[in-house]
Amino acid sequence: DSDDIGDGGENHGVYGDEVHTHQLLRHFTRYFGFDTKCTVAVMGLHGISKMRPENSGHGNGPLPATWVKDASYKMTNDYFKGFEYEWTYEERDNKDYPKFGEQSQWYNGAYDENRLVLLNVDIALKWNYEEYVDDKGRIYCKVSDEANHHGGEDPRKVPECPRAYQTYNTVRDYADDYDLFLNDLEYCMIQMYTTGYRDGYDNNYFNYYGDGRATY
């Protein structure tokens, strides 16, 4: 049901930075009936998106940030290729955006207009930090050996985040095969638009992919 002025439906809120791999998968299964493959595919939409600190508390310092290099409205699989970059964890104090409070994110590159940023929920597609995150979304494991990880702490003292095996193979497949990603994304979006958002699926659904594969 849309609201009185047509700005959308009910306000279901947004998950915080503490969401890890299994919570992400449960969310998309519960509300959209997605399997793991569809969950990973729709996350690839971040590749045509931009984050602005005034809207989310996330960004490149005071500037907007993107998930991929040379982001545009053309869908690519660069989002998935980016997981092979070196990512460094940081905590934003958001003093200029107090309504968001402290936020966790990951960056690649220097402070310039081309600096890339991933959110915790993106990192969760390759690394399962479930045992290394507190209730405020602060993460205490590393995904690279960059020296400025965790505010300059010696990276040798920071444990490595475990691999998210439920999702990482699909991330790798999409990074290697652009057509596979586009075909899967198309059919997952069809499912999203036709079944809509609902609270609680009973598993009486299936995902049908463009090459004839169906998963129940």
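This is a predicted model: local features need pLDDT of at least 70, side-chain atom pairs count only at pLDDT 80 or more; totals for chains, interfaces and linings use all residues.

Reader: Fine. How many helices and strands does the protein chain have?

Author: The protein chain has 7 helices and 7 strands. Their order along the sequence is α-α-β-α-β-α-β-β-β-α-α-α-β-β.

Reader: What share of the residues is buried?

Author: Of 216 residues, 46% count as buried.

Reader: Now strands. Is β3 buried or exposed, and why?

Author: β3 is largely enclosed by the rest of the structure, because 4 of its 5 residues are buried. β3 runs antiparallel to β4, and 5 bridges join the two. Within that pairing, Glu-90 stands opposite Gln-105 in β4.

Reader: Where does Asn-94 lie?

Author: Asn-94 is in the loop between β3 (88-92) and β4 (103-108). Its phi is positive, about 55°, although Asn-94 is not a glycine.

Reader: Buried or exposed?

Author: Asn-94 counts as buried because its relative accessibility is 3%, and the cut-off for buried is under 20%.

Reader: Which backbone oxygen lies 2.8 Å from a polar atom of its side chain?

Author: That of Gly-101. Gly-101 is also among the residues that Asn-94 touches, together with Gly-57, Phe-100, Glu-102 and Gln-103, leaving aside residues up to four places away in sequence.

Reader: Which other residue has a positive phi although it is not a glycine?

Author: Asp-70, with a phi of about 50°. Asp-70 sits in the loop between β2 (65-66) and α4 (78-81).

Reader: Change of topic. At what angle do α6 and α7 pack?

Author: Helix α6 (residues 165-176) and helix α7 (residues 178-195) pack at about 115°, and their axes are 5 Å apart.

Reader: Which residues meet there?

Author: From α6, Asp-173, Tyr-174 and Asp-176. From α7, they meet Tyr-178, Leu-180, Phe-181 and Asp-184. By class, the contact has 4 nonpolar and 3 charged residues, with no polar ones.

Reader: Phe-181 then. Buried or exposed?

Author: Phe-181, found in helix α7, is buried, with a relative accessible area of 0%.

Reader: What does Phe-181 touch?

Author: Not counting residues up to four places away in sequence, Phe-181 touches Ala-41, Gly-44, Met-75, Thr-76, Asn-77, Phe-80 and Tyr-174.

Reader: How many residues apart in sequence are Phe-181 and Thr-76?

Author: They are 105 residues apart in sequence, and 8.7 Å apart in space, C-alpha to C-alpha.

Terms used: Residues are numbered from 1 along each chain as its sequence is written. Side-chain values use heavy atoms; hydrogens and water are left out. Buried means under 20% relative accessible area, exposed over 50%, partly exposed in between (1.4 Å probe, protein chains only). A polar contact is a pair of N or O atoms within 3.5 Å; within protein, one must be able to donate a hydrogen and the other to accept it, and residues adjacent in sequence count only if both atoms are side-chain atoms. Contact means heavy atoms within 4.5 Å. Axes are lines fitted to C-alpha atoms, for helices over the stretch in contact, and angles run from 0 to 180 degrees between N-to-C directions. Ala, Val, Leu, Ile, Met, Phe, Trp, Tyr, Cys and Pro count as nonpolar, Asp, Glu, Lys and Arg as charged, and the others, Gly among them, as polar. Two strands pair if DSSP finds at least two bridges between them.
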